[in-house]
Amino acid sequence: MINESELKKVNKPAQYLGGEINSVVKDPREVDFRFCLTFPDTYEVGMSHVGMQILYDVINRDPKAWAERAFVPLKDMEELLRTKGLPLYSLESKTPLNQFDALGFSLQYELCATGVLGILDLAGLEFYAKDRKESDPLIIGGGPYAYHPEPIADFFDLFLVGDGEYAVIEMINCIRTCKDKGLSKKETLQALAKVKGIYIPALFEPEYRDGDFIGVKSKLEDYQGVQRALVPSLEDAPYPTKPIVPNIQAVHDRLSVEVMRGCVRGCRFCQAGYLYRPQRERKPEDLLKIIDDSLGSTGYEELSLLSLSTADYCSILPLLGSLKEKYCQEDELAISFPSTRVDSLKPELLQEVQTIRRLGFTVAPEAGTQRLRDVINKGVTDEEILEMSRNVYRLGWGHIKMYFMIGLPTETDQDILGIVDIARRVNKLCGPKQYVTVSVSTLVPKPFTPFQWAEQITEAETRRRQSILYSAFKKSPIQFRYHKSYSTFLEGIFARGDRRLAPVVKRAYELGCRLDGWVEKINKEAWEQAFEEFGIDPHYYLRERNTEETLPWDHVSCDIPKRYFLKEWQRAIASRTTPDCLTQTCSTCGACDYDSQRNVLFDRKRTETRLNIVNPAWEAIIEARERSEKEQDAVATQKGDAAILFAAKNGSVPLLEELPEEDLAQPEFGSGSLDYSEERSRIDYPFQSPDKPVHIHENVELKEVKPIGKESNPLNRPEIPTVQRIRLQYSKREVIKFTGHLELSSIFFRACRKAKVPIAFSRGFSPKPKIIFGPPLQLGVESECEFVDIFLTKKLDPSELGERLNAALPSGIRVLATEEVPLKDKALQHRLRRQSYLATLSSDSSLNSEDLYKEIYNWKSRKIERVKKGKTKSISLADSIDSFSIYDNQIEFDVLHDGNNATVKPLEAIGAITNLDPNQFVIKKINSIFH
């Protein structure tokens, strides 16, 4: 296996070690089915995915099954595994992946293909299913890409299409039965074909004529197509209340709880809105129990209410009211929504979330003009966008992020300029220190949407349309972000491709393509070479499709017939909208059978009664809004467009003519840019210019940008005084010693929350827990003498605090001593005088004590060289190291702290003292001495 000295050389080694809070370890001798959930992306992305957490929980509820995890390693870890000839292993048991019964890949997006091959390669498994041995694990795919996986189908034994909670258990039991009967892999796959939701690619043969795909032919008479698996109701459906808390900061570092699945709004570009129909809500009481249990088991400080449009959850107001009452009285919990429909952000909802710690509002108008919003069936008007923005800013939010798309069917340059128009009109509503961000992506026409026949715009056309927006926004206070054009180009190819693309994926992987979901990782030259070698024109897959042709995914069903999508496509071209079945009439999409498959909703009024909510504040707001809407409808009926013009002239709706025009001459445009903004004095913004692009993952949410200036108390909560300061001495060992200081801060804060410690908070827009650590401990160094000060709003006996935290902290951290110190005591950093370390030569090293004595001769004359921003700074060892001694294979030394000069790090020190690679030593801090 990999030793400690090697782990110190890789980036964020904690992601490869397991041992996280709530991870499951079983005795392999007591299980009969080993399943590894593999995510074809990095740990920090995969651990943000709720679906993986659900399946991990479901499978591990079976005492005879064991679900473990594996992720794509970063480049340095991949190289280390290859150098040592080691296979990729699971986090829980460190078992090589090729020894499992099955590997289950979560396929969340089309650019995961090379991630799949990377895991198979590092596991020592053949890429193509037909080439793998009988003893190799079954390779299974699931997630939204499993509905149309033809470009990667040849790499998989089977796909689980649809909801996995119950289907995965049925699948495992079928495999178990076949295993007990001694059936071959081929026989096992034929048995699995009878399980609802299972797609076996080997049992379907694609057919072509004159280079065009014309369909697939089934090899079994009774297996002509695949119908998705569906959980008809989320009531009593399994959901984890002990989710794994990652060792390192994940992309979405919070508790995510799915409040509902599915959406019936009918946005024509939205694949998820069709795949996950009907709309199935979780019972509010179940959600409150899940959230309470999950917060108690994780200590998370932020809750995300997850769905395609959380504001559409019928009982969102009583749910928020109950959560606010229990968790948000003292800034204890931040509650966030995913991207939200504009027309769902009614005044009563905005008022209700006003007093909750809030992280900004993200809304998705999607298109800049009403005509184009009708094409995509968005059902949102300019007036609703402006009214929502006005309410958001009035209630104290500082930031609105607006999502738009370009490349929509029938889009013109005037529609693109409509994005600029509506963004400027929203920006005119901003007050001091309030701002707008516009984020623009390019449409990828997805299968199982009305746009599955539409043409996708080319890479060059994407850049041209982005240039129009850049020109319009470049001198504006509005921040502008956009997606890299080649990333979207590739996504479109693999969204609607067929099996001829599998060799291209394999060749691209051989040419070095990895982690294509991270835009800075995309190797355009390698992909183009791979397409060329196999004679494939990638633009073929971006073309507009004939509505009569067979599509590569027609043999898989999401329960919505193709004729419905065709009807919606025709309505889109005619700019005709389709009502949603929540607020108006049924659209007869076919997802419901009105028996077991139907919308499962929880009425707000009934929820208020069940939760004993009496006279809620939102009731009066709803009545006033509904009365106002009726009056406005009456005026509009009588006066027609004159009413809108009157409102505009009176300032409630800014007129387009009032907005200044911008010169749209196209500048030099960098195709490698992802997101950008010009530097502004009033905003501390991470992006500089198109010439200096900053690359991020397409699935990463950027940190909110806060206005510079003194923070206020926007939530108007009473100040809770700090009454006690307790200093803890703790140890940091085992896996935790490879956890960084930022993650350590989260670990302690979440342990305090789990232990119900009355921790004090700072005030302001984003309150922070009052926890002050001593100097950061270098990664990979053990310690028995780390210190942290915790400030409390209620007095506790120091020993009781230590006991509570020890019950909540992960393995590797233990509170050793506690004492109360004065509230105004000096910070630990300022009181520290010296720290003592013991460096032991690793057992893996070929050196001995004689070698050490030779190397440390005249060590006091040496210096440590640090390079920062091109400048070299020298630190004398004689001025920084004291009390040096050596015996056997160990060196003991003190690092001095004077508060003024730079402090050397232990690995730095031992490297300079010995002139050796410091990673050959196991270093432990043994003492800290304070003033």
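Select Ser 885 and Glu 892: the former stands opposite the latter, which belongs to strand E28. The model is predicted, with local features requiring pLDDT of at least 70 and side-chain atom pairs pLDDT 80 or more, whereas totals for chains, interfaces and linings use all residues. Residues are numbered from 1 along each chain as its sequence is written, and side-chain values use heavy atoms, without hydrogens and water.

Strands are DSSP runs of E with at least two residues, numbered from the N terminus, and two of them pair if DSSP finds at least two bridges between them. E27 and E28 form a hairpin with two residues between them; in its turn, Asp 888 has a positive phi of about 50°.

Now select Lys 871, in strand E26 (residues 871-876). Lys 871 is exposed, at a relative accessible area of 64% (exposed means over 50%, with a 1.4 Å probe and protein chains only).

Finally, move to the open sheet of six strands, ordered E2-E1-E3-E4-E5-E6 with mixed pairing. Strands E2 (65-71) and E6 (198-199) are at the edges with a single partner strand each, so one side of each has no neighbour in the sheet. Strand E1 (residues 33-39) runs parallel to E2, joined by seven bridges; the partner of Arg 34 in E2 is Trp 66.

Terms used. Helix = DSSP H or I, 4+ residues; strand = E, 2+ residues; numbered from the N terminus. Buried < 20%, exposed > 50% of the residue type's maximum accessible area, 1.4 Å probe, protein only.
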